[in-house]
Amino acid sequence: MIRKANKTDIQRIIALLHQVNMVHYEIRPDLFKPNTTKYNEQELETMLNDPQKPIFVYVDKENEQSEGTVRGYAFCQITEVRNDQLLQDAKTLYIDDICVDENARGKHIGKALYEHVRDYALSINCHNITLNVWEGNGPALSFYKNMGMQVQKTTMEVVF
């Protein structure tokens with residue numbers, strides 16, 4: 001089941017944020033610190049109340065009475081361009097972060113989350129969905145390509 005996240009999900013979301021951070025740390029230890037998260041409890045609580053930053057969670061329910069366990073999440077940000085000199089007016093849903101618990105992979109949870117986000121974006125009249133994938137994260141890149149995404153732009157760097 002996929003639903004909007006709530007305050008009771010924060011601890012589990014933090015645990016999943018740790019998993020994502022370690023993926024990024026292993027790819028780019030020159031940029032990412034180990035054993036931390038990009039958001040803390042207070043920041044997550046604030047985000048839960050921001051309609052421009054919906055967070056969706058995939059929950060495994062053991063039975064109807066169970067609250068279930070969060071097995072994955074999708075952090076989203078909605079942005080709009082209006083009356084820009086250069087750009088067309090457009091509403092975009094940016095996937096800030098998507099994660100499936102490393103112990104629950106291979107069960108199509110990521111696909112279900114992505115499809116839920118896609119349907120949500122369509123329901124609020126978004127022009128597109130965007131996200132970033134770190135170079136070196138082949139599984140994520142392959143997943144998003146399988147979901148029908150394509151490269152929009154490329155960010156390049158030189159490291160000193």
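Helices (H or I, at least four residues) and strands (E, at least two) are DSSP runs, numbered from the N terminus. What you have here is a predicted model, where local features need pLDDT of at least 70, side-chain atom pairs count only at pLDDT 80 or more, and totals for chains, interfaces and linings use all residues. Residues are numbered from 1 along each chain as its sequence is written, and side-chain values use heavy atoms, with hydrogens and water left out.

**Exercise 1: helix α3**

Task: Check the span of α3 (residues 109-123), then work out which way its buried residues face.

Solution: 

Step 1. Start with the rule: the expected span of a helix is 1.5 Å times one less than its number of residues.

Step 2. Now list the buried residues (under 20% relative accessible area; exposed is over 50%, partly exposed in between, with a 1.4 Å probe and protein chains only). In α3 they are Ile109, Gly110, Leu113, Tyr114, Val117, Tyr120 and Ala121.

Step 3. Look down the helix axis. The buried residues of α3 fall within an arc of 135 degrees, so they line one face of the helix. (The arc is that of the directions from the helix axis to the C-beta atoms.) A handy rule sits behind this kind of pattern: an α-helix has 3.6 residues a turn, so residues three or four places apart point the same way. On the other side of α3, you'll find Leu122 and Ser123 exposed.

Step 4. What covers that buried set? The cover includes β1 (2-4), β2 (55-60), β3 (69-81), β4 (90-100), β5 (128-131) and α4 (138-146).

Step 5. Zoom in on one residue of α3, Tyr114. Tyr114 is buried, with a relative accessible area of 6%. Skip its neighbours within four places in sequence, and Tyr114 is in contact (heavy atoms within 4.5 Å) with Ile95, Ile98, Ile129, Phe143, Met147 and Met149.

**Exercise 2: aromatic pairs**

Task: Classify the pairs Phe32 with Trp134 and Tyr39 with Phe75.

Solution: 

Step 1. Rings of Phe, Tyr and Trp (its six-membered ring) pair if their centres lie within 6.5 Å; planes under 30 degrees apart count as stacked, over 60 as edge-to-face and the rest as tilted. The structure holds five such pairs.

Step 2. The ring centres of Phe32 and Trp134 are 5.2 Å apart and the planes are at 85 degrees, so this pair is edge-to-face. Phe32 is in the loop between α1 (10-27) and α2 (41-48), while Trp134 is in the loop between β5 and α4, so the pair ties together parts that are 102 residues apart in sequence. Phe32 is partly exposed at 22% relative accessibility, and Trp134 is partly exposed at 35%.

Step 3. For Tyr39 and Phe75 the centres are 5.4 Å apart and the planes at 20 degrees, so this pair is stacked. Here Tyr39 is in the loop between α1 and α2 and Phe75 in strand β3, 36 residues apart. Both residues are buried. Ring pairs also bring in Tyr73, giving a cluster of Tyr39, Tyr73 and Phe75.

**Exercise 3: α1 against α2**

Task: Describe how α1 and α2 pack, and name the residues that meet.

Solution: 

Step 1. Two packed helices are described by the angle between their axes and the distance between the axes. Axes are lines fitted to C-alpha atoms, for helices over the stretch in contact, and angles run from 0 to 180 degrees between N-to-C directions.

Step 2. For α1 and α2 the angle is about 115 degrees and the axes are 10 Å apart.

Step 3. Ile10, Gln11, Ile13, Ile14 and Leu17 in α1 meet Glu41, Leu44, Glu45 and Leu48 in α2.
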